[in-house]
Number of protein chains: 2
Amino acid sequence: MTQEQDQQPRGTRVRGTKQASALASALTSLPGFCSAQEIHAELRRRGETVGLTTVYRHLQVLSETGAVDTIRDPSGEILYRQCGSTVHHHHLTCRVCGSSVEVEGRAVEQWAEKVAAEAGFTAVDHTVELFGLCPGHSASPMEPPA
Amino acid sequence: MTQEQDQQPRGTRVRGTKQASALASALTSLPGFCSAQEIHAELRRRGETVGLTTVYRHLQVLSETGAVDTIRDPSGEILYRQCGSTVHHHHLTCRVCGSSVEVEGRAVEQWAEKVAAEAGFTAVDHTVELFGLCPGHSASPMEPPA
DNA sequence: CCGAGAATAAAAACGATTATCATTAACAGC
DNA sequence: GCTGTTAATGATAATCGTTTTTATTCTCGG
């Protein structure tokens, strides 16, 4: 588990980013994608006093920077996950446990560019979300054949 | 939600209400994707007395039926559009005018199935949204002196 | 050490969607 | 054609995630 390790109590540190590091730490510890409010709850659970506003703002900044990756839940909720690579990619997320696998989106990007070019569209942005059942949750014996 | 009683219909499943036809008519007249509230506003503009609840309910039913296609705005808002084909497909939508082009998603579906199989995932559902600038709105970075 | 300025956090605002429930209207039978 | 049953309707309020507001706190620079 992660225990609060006071690295720099009060001194040489980037501008008022105690909450930022706490947020980053929480993000690292959280396994898969999770909502902003879940992250906030996790921080609160740790005893960190971080406001929901700050969580949202940092998440927004981090997503713009590319430090975290954002997807959209089927219900429209935004989920965040720490993501080191800044390149564009996609995720395959388990509906049950939330674990996600980074998948290569090269084929999709090529396809997107192709269909965009054929239609004469420019500045095309694409959103691809993949949700499924991970190997550990694929076996559903309680699902009788319809 | 589980009010779907697919018992053998004696004749008509849904009652021929004028709101339903008005909604269908509005959907037909509206060019591209539009939000539920825009559709409601359009109906009101026409003088039709249709409640927002009814608009949402019909839109939901229609989307389940496949009569309308739904996408998600970058802001998370759900947009609807009349769509005759019930097969799974995707859209390339202009950010400016909202016009959309149906694009063939076969390549994406194959890709999705492939990466899902490689990761051992099952029951994978994919969401693909394409937003761009249509030929008429492809503004170059340098605004030409009009 | 003090001040300027940004960052923070609590609460309220906001917007889209959904649930509630009394009322209305459609369809079928008479 | 009229009436009854039953589903559909629709105004309001609730819900939920997100954004904005505003006062306060804190870091940094001088």
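**Notebook: cysteines, helix packing and selected residues**

Residues are numbered from 1 along each chain as its sequence is written, and chains are lettered from A and ligands numbered from 1 in the order in which they are written.

**Entry 1. Cysteines of chain B**

I looked up B:Cys94, which is in no disulfide; its nearest cysteine sulfur belongs to B:Cys97 and is 3.5 Å away. B:Cys94 is buried, at a relative accessible area of 2%. I use the classes as follows: buried means under 20% relative accessible area, exposed over 50%, and partly exposed in between (1.4 Å probe, protein chains only). B:Cys134 is likewise in no disulfide, and the nearest cysteine sulfur to it, that of B:Cys94, is 3.6 Å away. I recorded B:Cys134 as buried too, with a relative accessible area of 8%.

**Entry 2. Confidence in chain A**

I checked pLDDT, the predictor's confidence in each residue, from 0 to 100. Chain A averages 81, and 82% of the residues score at least 70. Residues 1-13 of chain A stay under 50, and the model has 4 contacts for them beyond four places in sequence; contact means heavy atoms within 4.5 Å. Where pLDDT is low, the predicted coordinates should not be read in detail.

**Entry 3. Layout of chain A**

I listed 4 helices and 6 strands in chain A. These are DSSP runs, numbered from the N terminus: helices are H or I with at least four residues, strands are E with at least two. Read from the N terminus, the order of elements in chain A is α-β-α-α-β-β-β-β-α-β. Of its 146 residues, 37% count as buried. Among the contacts in chain A between residues at least 6 apart in sequence, 43% join residues at least 24 apart.

**Entry 4. H1 against H3, in each chain**

How do H1(A) and H3(A) pack? In chain A, helix H1 (residues 18-29) meets H3(A) at an angle of about 75°, and the axes are 11 Å apart. Axes are lines fitted to C-alpha atoms, for helices over the stretch in contact, and angles run from 0 to 180 degrees between N-to-C directions. H1(A) and H3(A) are therefore roughly perpendicular; by the cut-offs, under 35 degrees is roughly parallel, over 145 roughly antiparallel, 65 to 115 roughly perpendicular and the rest oblique. On the H1(A) side I noted A:Gln19, A:Ala20, A:Leu23 and A:Leu27, and on the H3(A) side A:Thr54, A:Val55, A:His58, A:Leu59 and A:Leu62. By class, this contact has 6 nonpolar, 3 polar and no charged residues. Ala, Val, Leu, Ile, Met, Phe, Trp, Tyr, Cys and Pro count as nonpolar, Asp, Glu, Lys and Arg as charged, and the others, Gly among them, as polar.

I then turned to chain B, where helix H1 (residues 18-29) and helix H3 (residues 52-65) pack at about 70° with their axes 11 Å apart. That angle makes H1(B) roughly perpendicular to H3(B). B:Gln19, B:Ala20, B:Leu23 and B:Leu27 of H1(B) meet B:Thr54, B:Val55, B:His58, B:Leu59 and B:Leu62 of H3(B). The residues of this contact divide into 6 nonpolar, 3 polar and no charged.

**Entry 5. Individual residues**

A:Leu52 lies in helix H3 (residues 52-65) of chain A and is partly exposed, with a relative accessible area of 29%. I found A:Leu52 in contact with A:Gln37 and A:His40, leaving aside neighbours within four places in sequence. The C-alpha atoms of A:Leu52 and A:Ala36, 16 residues apart along the chain, are separated by 8.0 Å.

A:Ala123, in strand S6 (residues 122-133) of chain A, has a positive phi near 50° although it is not a glycine. A:Ala123 is partly exposed at 49% relative accessibility. In chain B, B:Ala123 has a positive phi of about 50°, sits in strand S6 (residues 122-133), and is partly exposed at 48%.

Which residues does B:Asp125 touch, not counting those up to four places away in sequence? I found A:Arg95, A:Glu129, A:Leu130 and A:Phe131. B:Asp125 lies in strand S6 of chain B and counts as partly exposed, at 42% relative accessibility.

Methods: This is a predicted model: local features need pLDDT of at least 70, side-chain atom pairs count only at pLDDT 80 or more; totals for chains, interfaces and linings use all residues. Side-chain values use heavy atoms; hydrogens and water are left out. A disulfide is a pair of cysteine sulfur atoms within 2.5 Å.
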